[in-house]
Amino acid sequence: GDSVTQMEGPVTLSEEAFLTINCTYTATGYPSLFWYVQYPGEGLQLLLKATKADDKGSNKGFEATYRKETTSFHLEKGSVQVSDSAVYFCALYSGGGADGLTFGKGTHLIIQP
Amino acid sequence: GAVVSQHPSRVICKSGTSVKIECRSLDFQATTMFWYRQFPKQSLMLMATSNEGSKATYEQGVEKDKFLINHASLTLSTLTVTSAHPEDSSFYICSASGQGIWEQYFGPGTRLTVT
């Protein structure tokens, strides 16, 4: 079945550091890939997405490229801020109808001033 | 953007009692709603998918008689945990999508603690 593997945290960085959160997946066919973010006390929010190979999703300075050859969708940001502290979930959707998403375990990111 | 609410945000109940959690789409018609469960330090696990007006489809290993799901209208789905036990303590999250739209909008979650 489908699965998503992402690096476990917590990941602690200093403000303005470069961020990479690795995500790899296993799925049949050609899934759509997502990064969701969960800020403290809030629900999940879609951060970015990519629906086909080589697509790059980007939002709020974050970006991730759909790499079919390596089955990866790593999240990157060039200069993180304290406000980026949150839990980040990589997810995929491979259903043709109203199917749920498959999530990774989440990576807790802590940015220190 | 689309807003999904959940109520209550936190609930504590005694073992053996039943608890109902509501999930509402506030500004769109949710033809499909999903219920997830999140264990500490683990990913969200899909429990069931419900389409308005029809029976929910449960994932393997999820007891449908224990986790009753009702999706009676296009804006409301409920999850009832029947005869709750401490092992049912978890964070339950719903999401919703509209007709022809596969993007899901997530609720803020409900923390259930069974004592």
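A: Here is a walk through those side chains, one group at a time.

This is a predicted model, with local features needing pLDDT of at least 70, side-chain atom pairs counting only at pLDDT 80 or more, and totals for chains, interfaces and linings using all residues; side-chain values use heavy atoms, leaving out hydrogens and water. Residues are numbered from 1 along each chain as its sequence is written, while chains are lettered from A and ligands numbered from 1 in the order in which they are written.

Let's start with A:Gln6. You'll find A:Gln6 in strand β1 of chain A, residues 3-6 (strands are DSSP E runs of at least two residues, helices are H or I runs of at least four, and both are numbered from the N terminus). With a relative accessible area of 8%, A:Gln6 is buried (buried is under 20%, exposed is over 50%, partly exposed is in between, with a 1.4 Å probe and protein chains only). What does the side chain of A:Gln6 reach at 3.2 Å? That is the backbone nitrogen of A:Gly106, and a polar atom of the A:Gln6 side chain also lies 2.9 Å from the backbone nitrogen of A:Cys90. Both are polar contacts, meaning a pair of N or O atoms within 3.5 Å; within protein, one must be able to donate a hydrogen and the other to accept it, and residues adjacent in sequence count only if both atoms are side-chain atoms. Beyond four places in sequence, the contacts of A:Gln6 include A:Cys23, A:Trp35, A:Tyr88 and A:Phe89 (contact means heavy atoms within 4.5 Å).

Strand β1 of chain B (residues 4-7) has B:Val4 and B:Gln6 on a covered face, with B:Ser5 and B:His7 on an uncovered one. In a regular strand, side chains alternate between the two faces of the sheet. That β1 of chain B pairs with β3 (residues 19-25) in the antiparallel sense over four bridges (pairing takes at least two DSSP bridges), and B:Gln6 has B:Cys23 as its bridge partner in β3.

Strand β3 of chain B also holds B:Ser25. B:Ser25 is buried, at 4% relative accessible area. The B:Ser25 side chain reaches the backbone oxygen of B:Phe28 at 2.8 Å, and one of its polar atoms lies 3.4 Å from the backbone oxygen of B:Leu74. Contacts of B:Ser25 beyond four places in sequence also include B:Val3, B:Val4 and B:Met33.

B:Leu74 sits in the loop between β7 and β8 of chain B and counts as partly exposed, at 25% relative accessibility. Among the residues B:Leu74 touches are B:Ser25, B:Phe28 and B:Glu52.

Now the charged pairs. Over all chains, the structure holds five salt bridges (a side-chain nitrogen of Lys or Arg within 4 Å of a carboxyl oxygen of Asp or Glu). One of them joins A:Asp84 and A:Lys77 at 2.8 Å, N to O. A:Asp84 is buried, at 6% relative accessibility, and A:Lys77 is buried too, at 10%. A:Lys77 is also in contact with A:Lys60, which lies in the loop between β7 (56-59) and β8 (62-65) of chain A. A:Asp55 pairs with A:Lys52, with 3.3 Å between the closest N and O atoms; A:Asp55 is partly exposed, at 21%.

In chain B, B:Asp88 forms a salt bridge with B:Lys66, 2.9 Å between the closest N and O atoms. This pair links distant parts of the chain, 22 residues apart: B:Asp88 is in the loop between β8 (76-81) and β9 (90-98), and B:Lys66 is in the loop between β6 (57-58) and β7 (67-73). Both B:Asp88 and B:Lys66 are buried.

Finally, the contact between the chains.
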